[in-house]
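Dear colleague,

Please find below the structure that I am handing over to you. My notes on what was found in it follow directly after.

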Amino acid sequence: MNTVPSWLQWLGDFLVRLGVPENYGVTAAFALIYIVVTIVILLSVYLLFRLRKAKEGPGRKPPAAPPRKDEADRISPEPSKEVKPHEAEPRVEEEAEATPPARPAPPAEQIPAEDLRPATLLERMRAGLSKTQASLVGRIDGLLQGGKIDAETMEELEEILITADFGMKTTRELIQALEKKVARGQASAAGEIRDTLKEEIRKRLRAEAAPMNIDSARPFVIMVVGVNGVGKTTTIGKLARQFCSQGKKVVLGAGDTFRAAAAEQLAIWGERAGVEVVRLAEGADPAAVAFDASKAALARKADVLILDTAGRLHTKVNLMEELKKVRRVLDREIPGAPHETLLVLDATTGQNALTQAKLFKEAVTVSGIALTKLDGTAKGGMIVAIGTELGLPVRFVGIGEGVNDLRPFDPDLFVEALFTSGMNA
């Protein structure tokens, strides 16, 4: 006897026609019905839940608490009574007395005027040199507190200068100058020793300071050299921003075609500064970039052309030959170019920076130094050693990450910032 309902048998036959094996037609029909019913039940439960949430409403507020007695007295109207004209004014006075006057809000904390003004250049320089100031001048002041100036004091002072990366040659010159003053009786007190050292450092820095005269040629061509990682591209971007702020028209050349993403990084800086960046495909000939950049600078009547270069010092011979080729191309297209070969050095690398400077000076005609990351090192004496040992002028110093923290080097400002502590600034 067949107990399968006709509608279920019909559904099974339909599924058989769709490809279900004939022996499993009814079973498949039963399973399908079971799944459909389950889905319907789940949907019904979900819809009921949603309807209930909709009836309750979002974020129903709890019933308000009954007002306090004093509030109830103030809010609830008094029983109506006849108010005579002569009683109206006294009533107002009584209510005014009953309600205490609102206390004035406490005045905002006064900010000293000096905290509202922008930081001066001396303050920014002092903040950037804080690590060097603490390790150099702070240690010198601690050494001279005893007031006794003898051979042992001079030895300790010499050690302080060496650890601050003044270099052996510069340190010996400074110590000899101090010893002569002490022998003549011109520097017997701690303050005199400090002042003498300050002036000796200032004198050496003045001898190596020379600003870059970008108005001496048009376009004034700056070829930026240095090893990878010293901040060449960032320095170029900051220079471009500063020259643009002076009303100069600037073109950048992405001549570092070997380092991955070097051209992209320079393009970002160019976009920020609003200047044109001449670039070729990665791995292209740097001399070709120099050629195209020179043509673009002449066509646009640019005031300044800044050319980035590769910094693969581990292949020194090939790198230096490339730089010489770039110089020849620049000079052919713009006679006298490059007018400045700016070597970028990382102050945090200490004596290694001095070694790099010597290598580049031997291979190409370096005309100036940009010393970056002075704010990240306690060895700012490197800036004195560069001039003494290499005879190269320091054009720019980096004392922070801001675009205005790459500053034309001012020896007097540098020494004042270095020898001025926060307390006597």
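The model contains an open sheet of eight strands, ordered E3-E2-E4-E1-E5-E6-E7-E8, and its pairing is mixed. Strands E3 (276-278) and E8 (406-408) form the edges; each has a single partner strand, so one side of each lacks a neighbour in the sheet. From one strand to the next, the twist averages 25°. Here strands pair if DSSP finds at least two bridges between them, and axes are lines fitted to C-alpha atoms, with angles from 0 to 180 degrees between N-to-C directions. Helices (H or I, at least four residues) and strands (E, at least two) are DSSP runs numbered from the N terminus.

This is a predicted model, in which local features need pLDDT of at least 70, side-chain atom pairs count only at pLDDT 80 or more, and totals for chains, interfaces and linings use all residues. Residues are numbered from 1 along each chain as its sequence is written, and side-chain values use heavy atoms, without hydrogens and water.

Within the sheet, strands E1 (residues 220-225) and E5 (residues 340-346) run parallel and are joined by four bridges. Val225 has Leu343 in E5 as its bridge partner.

In helix H8 (residues 137-144), the buried residues (under 20% relative accessible area) are Val137, Ile140, Leu143 and Leu144. They lie on the same side of H8, because their arc around the axis, taken from the directions to the C-beta atoms, is only 120°. These residues pack (heavy atoms within 4.5 Å) against helices H7 (130-135), H9 (151-163), H11 (190-208) and H18 (411-419).

Yours sincerely

Methods:
Buried < 20%, exposed > 50% of the residue type's maximum accessible area, 1.4 Å probe, protein only.
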